Structures are given as C-alpha cells and as structure tokens.
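Here's a walk through one protein model, taken a few residues at a time. Keep the structure open and click along as you read.

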Amino acid sequence: LDVQLIFEPGRLIAANAGILVTRVIYVKPGTNKDFLVLDAGMNDLIRPAMYGAHHDIKPVLAHTTDDTARYDVVGPVCETGDTFAKDRDLPPAKAGDLMAIMTAGAYGAVMSSAYNARPPAPEVLVKGAQWAVVRPRLSEEALIAQDRVPDWLKV
C-alpha cells in the first residue's frame with residue numbers, strides 16, 4: 001500500500017504505570033445505591049470530573065466473595081463534580097478500606113492541584129519490593145507559606 005504507520009502508545013503506557021491509592025472515609029447509605037466517600041478528591045484526579053474519564057476502581061486487598069454493592073464513588077470536596085464513578089458495582093466496602101483507582105499515571109499527578117486547600121497526594125515510586133516517596137505531600141503550613149503578601153499591601 002506504500003503507507004507509513006505511526007503509533008503513539010504514550011497514555012496507554014504511562015496511565016497504566018500509576019494508580020491512586022485512597023482510603024474509604026465513610027459509606028453513606030442511599031435509597032438505590034450507597035455513596036463510597038474516599039479521602040482522595042477531584043484535586044488528586046480531575047479527569048472524571050473534567051470530562052467523564054472512566055477509571056477502574058478496585059479494593060487493594062482481594063475479597064473472598066463475589067458479592068457486590070452499587071456505589072457512587074465520591075471524594076470529600078463538597079461539589080457535584082467530586083465524583084470518580086457513578087453506579088459502579090464493587091465489592092462491599094467499609095470505612096478504612098484501601099481502594100485503588102487505576103490508570104491514574106498519565107495525567108493524575110500533573111493535573112492535580114491544591115484546590116480547596118487540599119494538598120495533592122504524595123507520589124511513591126515502586127519497583128518490586130522497593131519504594132520511595134518521590135514527591136511528598138505538602139504540609140498545611142507549607143501550602144499556606146506559598147502565598148505572599150506584597151510589602152505595599154501590608155498595613
């Protein structure tokens with residue numbers, strides 16, 4: 001055919017290289033489904049809120065049952081957009097459980113922010129059994145210290 005094919009698998013490779021690990025804060029009962037409230041928020045992974053991106057969500061510890069419950073998976077930022085998934089069938093969860101939001105590696109960290117005074121999640125690099133924090137979470141003091149009041153505005 002005398003054609004040249006070019007492939008750019010960038011997001012496929014980079015997205016699958018990272019996950020967002022989060023803890024269940026609360027399971028809020030609902031009429032038709034429950035709400036799984038996580039400690040991660042839209043500031044940590046904006047893609048679902050911004051353009052409806054789908055991310056698989058899995059418990060970190062494997063479950064021994066095939067039972068599922070229907071959840072809206074949300075963050076703690078009190079906004080409609082702070083939603084990771086709607087009507088998602090997941091293994092039953094409880095406060096304290098760790099959940100993994102998959103394929104967060106491509107744009108999760110670079111699109112994260114300190115929105116609503118929530119410091120972005122720390123980044124941890126893992127290779128086999130070795131791990132290291134490569135970007136620590138800012139403390140509240142460090143987050144606030146980034147703001148400066150110009151001298152001419154001081155009273």
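Let's start with Pro 59, which sits in strand β3, residues 57-59. One thing to keep in mind throughout: this is a predicted model. Pro 59 has a relative accessible area of 22%, so it counts as partly exposed; the cut-off for buried is under 20%. Setting aside residues up to four places away in sequence, Pro 59 touches Pro 91, Leu 98 and Met 99.

**A buried strand residue**

Now jump to Val 73 in strand β4, which covers residues 69-74. Is Val 73 buried or exposed? Its relative accessibility is 0%, so Val 73 counts as buried. Its contacts, leaving out neighbours within four places in sequence, are Leu 36, Leu 38, Ile 57, Thr 83, Phe 84, Ala 85 and Leu 90. Val 37 is 36 residues away from Val 73 along the chain, yet the C-alpha atoms of the two are separated by 6.2 Å.

**Two loop residues**

Asn 43 is in the loop between β2 (34-38) and α2 (47-51). What does Asn 43 touch, not counting residues up to four places away in sequence? The partners are Ser 112, Ser 113, Tyr 115, Arg 118, Pro 119 and Pro 120.

Ala 104 is another one to click on, this time in the loop between β6 and β7. With 10% relative accessibility, Ala 104 counts as buried. Beyond its neighbours within four places in sequence, Ala 104 is in contact with Ala 15, Gly 18, Ile 19, Leu 20, Leu 45, His 55 and Ala 109. Gly 75 lies 29 residues from Ala 104 in sequence, and 15 Å separates them, C-alpha to C-alpha.

**Out on the tail**

Trp 152 belongs to the segment after α3 (140-145). At 72% relative accessibility, Trp 152 counts as exposed, since the exposed class begins over 50%. Between Trp 152 and Ala 17 there are 47 Å from C-alpha to C-alpha, with the two 135 residues apart along the chain.

| Pair | Apart in sequence | C-alpha to C-alpha |
|---|---|---|
| Val 73 and Val 37 | 36 residues | 6.2 Å |
| Ala 104 and Gly 75 | 29 residues | 15 Å |
| Trp 152 and Ala 17 | 135 residues | 47 Å |

Most residues other than glycine have a negative phi. Which way does Asp 87 go, positive or negative? Asp 87 has a positive phi of about 50°, although it is not a glycine. You'll find Asp 87 in strand β5, residues 83-90, and at 41% relative accessibility it counts as partly exposed. Thr 103 also has a positive phi, near 50°. Thr 103 is in the loop between β6 (98-101) and β7, and its relative accessible area of 23% makes it partly exposed.

**Rings and charges**

How many aromatic pairs are there? The count comes to zero. There is a charge over a ring, though: Lys 28 lies over the face of Phe 35, at 5.8 Å from the ring centre.

**The largest pocket**

Finally, the open space. Rolling a probe the size of a water molecule over the atoms shows where empty space is left. The largest pocket holds about 830 Å³. Its lining is made up of 29 residues, and Ile 19, Leu 20, Pro 122, Glu 123 and Val 124 lie nearest the centre. Ile 19 and Leu 20 already came up as contacts of Ala 104. As for the strands, β1 (20-28), β7 (123-127) and β8 (130-135) each give the lining at least two residues. Sorted by class, the lining of this pocket comes out as 17 nonpolar, five polar and seven charged residues.

How values were computed:
Residues are numbered from 1 along each chain as its sequence is written. This is a predicted model: local features need pLDDT of at least 70, side-chain atom pairs count only at pLDDT 80 or more; totals for chains, interfaces and linings use all residues. Side-chain values use heavy atoms; hydrogens and water are left out. Helices (H or I, at least four residues) and strands (E, at least two) are DSSP runs, numbered from the N terminus. Contact means heavy atoms within 4.5 Å. On a 1 Å grid over the protein atoms alone, a cavity is a set of points where a 1.4 Å probe fits but cannot get out, and a pocket is an open set with protein on both sides within 12 Å along at least five of seven lines; lining residues have an atom within 4 Å of a point. Grid points are joined across faces, edges and corners, and a volume is the space filled by probe spheres set on the points. Ala, Val, Leu, Ile, Met, Phe, Trp, Tyr, Cys and Pro count as nonpolar, Asp, Glu, Lys and Arg as charged, and the others, Gly among them, as polar. Rings of Phe, Tyr and Trp (its six-membered ring) pair if their centres lie within 6.5 Å; planes under 30 degrees apart count as stacked, over 60 as edge-to-face and the rest as tilted. A charge sits over a ring if NZ of Lys or CZ of Arg is within 6 Å of the ring centre and within 35 degrees of the ring normal. Buried means under 20% relative accessible area, exposed over 50%, partly exposed in between (1.4 Å probe, protein chains only).
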